[in-house]
Amino acid sequence: MRPLVGIPAGLIQLPGHSIPTHGIGERYIRAVRDGSDADPLLVPALAEDFDFDLMASRLDGLFLTGGRANIEPHHYGGPPFPEDEYRDPPRDNTVLPLIRACVDRGVPVFGVCRGLQEMNVALGGSLHYRVHLVEGKQDHRMPRDGSIDERFGKLHRVSFTPGGLFERLIGDTGIEVNTAHAQGIDRLADGLEVEATASDGLIEGIRLGDGNTFVVGVQWHAEHRYGEHALSSALFRAFGDAARAYAAARTPRASVA
C-alpha cells in the first residue's frame with residue numbers, strides 16, 4: 001500500500017463567493033502521487049479545530065507546499081507586515097503546529113518554497129521579510145513575465161554542503177534551481193542543518209540534523225517538472241521511501257496462520 005501523505009491547504013477567497021475555499025495546486029498533488037508514489041490527502045486550514053497530535057498519528061508523511069501568502073511575522077518575532085500584505089492566518093495556524101507534531105512523532109516531512117520557511121519558523125527560526133532588501137542579498141523573486149515554464153525556469157545555482165544529503169543523492173556539488181520567493185531564512189532553527197546555499201549565502205536547503213528521520217526543505221519549487229530535475233526527483237523519491245518505511249514500522253504485521 002502507498003503511504004498516506006498529508007498536504008496542508010491554503011484558504012482561498014474566490015471572486016463572487018462569500019465562503020472561502022480550501023485548496024492547493026494540482027502540481028503539488030501530482031508530485032506527491034507520482035514522484036513519491038504516495039497517496040495525497042489534503043488537510044484543510046481549520047487551525048484550532050484540529051487535534052494536531054491525532055492528525056500527525058494518522059499520517060505517514062507531511063508535504064508542505066508553496067503559497068501566495070507569507071508567514072505572519074508574529075510567529076517568529078519579526079516586525080508587523082504592512083496593512084496591504086496578503087496573509088493566510090488559518091494556514092499559518094494549521095501548518096506550524098502540525099509540523100511540530102509530525103517532527104515529534106518522527107513522521108517524514110518535505111517542504112518546498114514557503115514549506116521550507118514554515119519548517120524553520122515552526123522549529124524556532126526566523127525569516128527575512130524581503131530578501132531583496134537585505135544588504136548583500138540577491139532578488140530571489142519570480143520573474144513577472146513569460147510562460148509558467150519560463151517563470152519557473154532555472155535562474156541560479158545552489159551549492160551543496162560537502163558530504164551532505166543532497167550531495168549524496170546526486171553525486172554533485174550543486175545544481176541550478178528556480179526561484180520564486182520574497183521571504184527567506186534569516187536565523188536557522190536549532191536542530192536544522194544547512195544542505196544548500198545560493199551564491200549570496202541565502203539558505204536554500206535544510207535538513208533536521210538528528211539523522212533518524214527525513215525532515216527536509218528546499219527554497220525552490222521542487223514540484224515544477226520534478227522529473228526533469230536530478231535533485232528534485234531524487235528528493236521526492238527519498239521522501240516516498242521514508243514515508244513507506246515509517247508506515248511499515250508503525251503498521252502491525254498480519255499474523256501468519
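Visitor: Is the crossing of α3 and α4 left-handed or right-handed?

Guide: The crossing of α3 and α4 is right-handed (a crossing is right-handed if the near helix is turned clockwise from the far one by less than a right angle, and left-handed if anticlockwise). Please keep in mind that this is a predicted model, in which local features need pLDDT of at least 70 and side-chain atom pairs count only at pLDDT 80 or more, while totals for chains, interfaces and linings use all residues. Residues are numbered from 1 along each chain as its sequence is written, and side-chain values use heavy atoms, with hydrogens and water left out.

Visitor: At what angle do α3 and α4 pack, and which residues of α3 and α4 meet?

Guide: Two packed helices are described by the angle between their axes and the distance between the axes. Here α3 and helix α4 (residues 114-122) pack at about 65°, with axes 9 Å apart (helices are DSSP runs of H or I with at least four residues, strands are runs of E with at least two, and both are numbered from the N terminus; axes are lines fitted to C-alpha atoms, for helices over the stretch in contact, with angles from 0 to 180 degrees between N-to-C directions). On the α3 side R91, D92, V95, L96, I99 and R100 take part, and they meet R114, E118, M119, V121 and A122 of α4 (contact means heavy atoms within 4.5 Å).

Visitor: What order do the strands of the open sheet have?

Guide: The open sheet of 9 strands runs in the order β4-β1-β5-β6-β13-β12-β11-β8-β9, with mixed pairing (two strands pair if DSSP finds at least two bridges between them). Its edge strands, each pairing on one side only, are β4 (39-43) and β9 (174-177), and the twist from one strand to the next averages 20°. Helix α3 packs on this sheet, where it touches β1, β4, β5, β6, β12 and β13, and its direction makes about 145° with that of β5.

Visitor: Which way do the residues of β13 point, and how does β13 pair with β6 and β12?

Guide: In a regular strand the side chains alternate between the two faces of the sheet. In β13 (residues 215-218), V215 and G217 point one way and V216 and V218 the other, and all are buried (under 20% relative accessible area; over 50% is exposed and in between is partly exposed, with a 1.4 Å probe and protein chains only). Strand β6 (residues 109-112) pairs with β13 in the parallel sense over 4 bridges, whereas β12 (residues 203-208) pairs with β13 in the antiparallel sense over 3 bridges. V218 of β13 stands opposite V112 and also opposite G205. The hairpin of β12 and β13 has 6 residues between the strands, and G211 in the turn has a positive phi of about 75°.

Visitor: Why is the pair of F110 and F214 called edge-to-face?

Guide: A pair of aromatic rings is described by the distance of the centres and the angle of the planes. The structure holds 13 aromatic pairs (rings of Phe, Tyr and Trp, the last by its six-membered ring, pair if their centres lie within 6.5 Å; planes under 30 degrees apart count as stacked, over 60 as edge-to-face and the rest as tilted). For F110 and F214 the centres are 6.1 Å apart and the planes stand at 80°, so the pair is edge-to-face. This pair links distant parts of the chain, with F110 in β6 and F214 in the loop between β12 and β13, 104 residues apart. Both F110 and F214 are buried.
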